[in-house]
2 protein chains.
Amino acid sequence: MGETLEQAFQKLCREKNLAVTHQRLVIYRELMKMHDHPNPEQVYERVRPELPSISLATVYKTLHAFVAAGLICQVSPHHGSMRIEPQGEPHSHFICLRCHDITDIATGDPDVAALKAGVPAGYQVEQVSTELRGICGRCAAESFSAGHA
Amino acid sequence: MGETLEQAFQKLCREKNLAVTHQRLVIYRELMKMHDHPNPEQVYERVRPELPSISLATVYKTLHAFVAAGLICQVSPHHGSMRIEPQGEPHSHFICLRCHDITDIATGDPDVAALKAGVPAGYQVEQVSTELRGICGRCAAESFSAGHA
DNA sequence: GAATATAGACGAATAATTATTATTTAGCAA
DNA sequence: TTGCTAAATAATAATTATTCGTCTATATTC
Ligand SMILES: [Mn+2]
Ligand SMILES: [Mn+2]
Ligand SMILES: [Zn+2]
Ligand SMILES: [Zn+2]
């Protein structure tokens, strides 16, 4: 029992076919200590004291590797660029993690009252929406045919 | 009756203190025709046939003005940079539209079954989460004190 | 421990967005 | 209408976020 973080990390890497490197271990350890939603630059700053020669590009690559392996996830799956919603009617969205396409989903209204109850005092809620993420029909079809090529 | 789109747009602009310009009208008209979730570049391409000399920067500024005025909204509250979720437990997020801070919100599980029912066939749902957007406590406090300075 | 595959450092390249500035235009009042 | 002024636009430079290419270093496999 009492598995150390390092042992847990090594096990995860074996499962996901990721080489266990010192940089990856340090990044993973720092991530597990964080309870907010850092960007790559902030992760970089956190690991630099222990890895003075690490490159920001390595942090990016490592984060992507961790996301692909399911060790962490990404709160902002949009493609880096601003996306407009021209239509006013409230609805939910399906976001494709591969092609970043956004599909409208007709849903019943979420229980806004219950959600707002969990929001800290002083916060002003303006919009509430449900987001589904995964692989869209087109991308799923492509994977399928690629897998059978 | 039969208010034209142009008349509706002019009325909206009056209400929001936006000057009615030809560029803004054309952008608004194209947006209202769109049922997807375009990025600024795509809006630019759509209006160029009618406004051959428009600048991409103008499209950006106009979209921001429309968002600020509430004519349209933004699906990706422009986190600008990748944001990591190191913690695995499912929870919801409050996203501040001003400072882009992301706050965890403890909520009951959404009705995943009902949501999945609205997803087109062939789509693979991997994650479901609720997103609340608005102004966080800190930013709200700042606005308040600014308003009373 | 040596061979091979993968990862890292670093700088340069690309994409998205914003800032600057000179010019044009909308809104308003005479 | 005309002219004034503040705001908006076009063109382009600058910034910011992210990715890529190349060479070196390290991890894994045998
Ligand atoms: Mn939509
Ligand atoms: Mn979170
Ligand atoms: Zn897709
Ligand atoms: Zn805020």
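Which residue in strand 4 of chain A is the bridge partner of A:Ile95? The partner is A:Ile102. Keep in mind that you are looking at a predicted model.

**A hairpin in chain A**

Strand 3 of chain A covers residues 92-96, and strand 4 of chain A covers residues 102-105. The two strands run antiparallel and are joined by four bridges. Five residues sit between the strands of this hairpin, and A:His100 takes a positive phi near 65° there.

**Aromatic rings**

Over all chains, the structure holds eight aromatic pairs. One of them is formed by A:Phe94 and B:Tyr123, with 4.9 Å centre to centre and 70° between the planes. Because an angle over 60 degrees counts as edge-to-face, this pair is edge-to-face. The pair crosses between chains: A:Phe94 lies in strand 3 of chain A, while B:Tyr123 lies in the loop between helix 5 (112-117) and strand 5 of chain B. Ring pairs also link A:Phe9, A:Tyr28 and A:Phe66 into a cluster.

**Buried residues**

Here are three residues with their relative accessibility.

| Residue | Relative accessibility | Class |
|---|---|---|
| A:Phe94 | 0% | buried |
| B:Thr130 | 5% | buried |
| B:Tyr123 | 18% | buried |

Why does B:Tyr123 count as buried? Its relative accessibility is 18%, and buried means under 20%.

B:Thr130 is part of strand 5 of chain B, residues 124-135. Leaving aside neighbours within four places in sequence, B:Thr130 is in contact with A:Leu115, A:Val128, A:Ser129 and A:Thr130 from chain A, and with B:Ser92, B:His93 and B:Pro110 from chain B.

Note on methods: Residues numbered from 1 in each chain as written. Chains lettered and ligands numbered in written order. Predicted model: local features only at pLDDT ≥ 70, side-chain atom pairs only at ≥ 80, totals over all residues. Heavy atoms only, no water. Pairing = 2+ DSSP bridges. Buried < 20%, exposed > 50% of the residue type's maximum accessible area, 1.4 Å probe, protein only. Contact = heavy atoms within 4.5 Å. Phe/Tyr/Trp six-rings, centres within 6.5 Å; stacked < 30°, edge-to-face > 60°.
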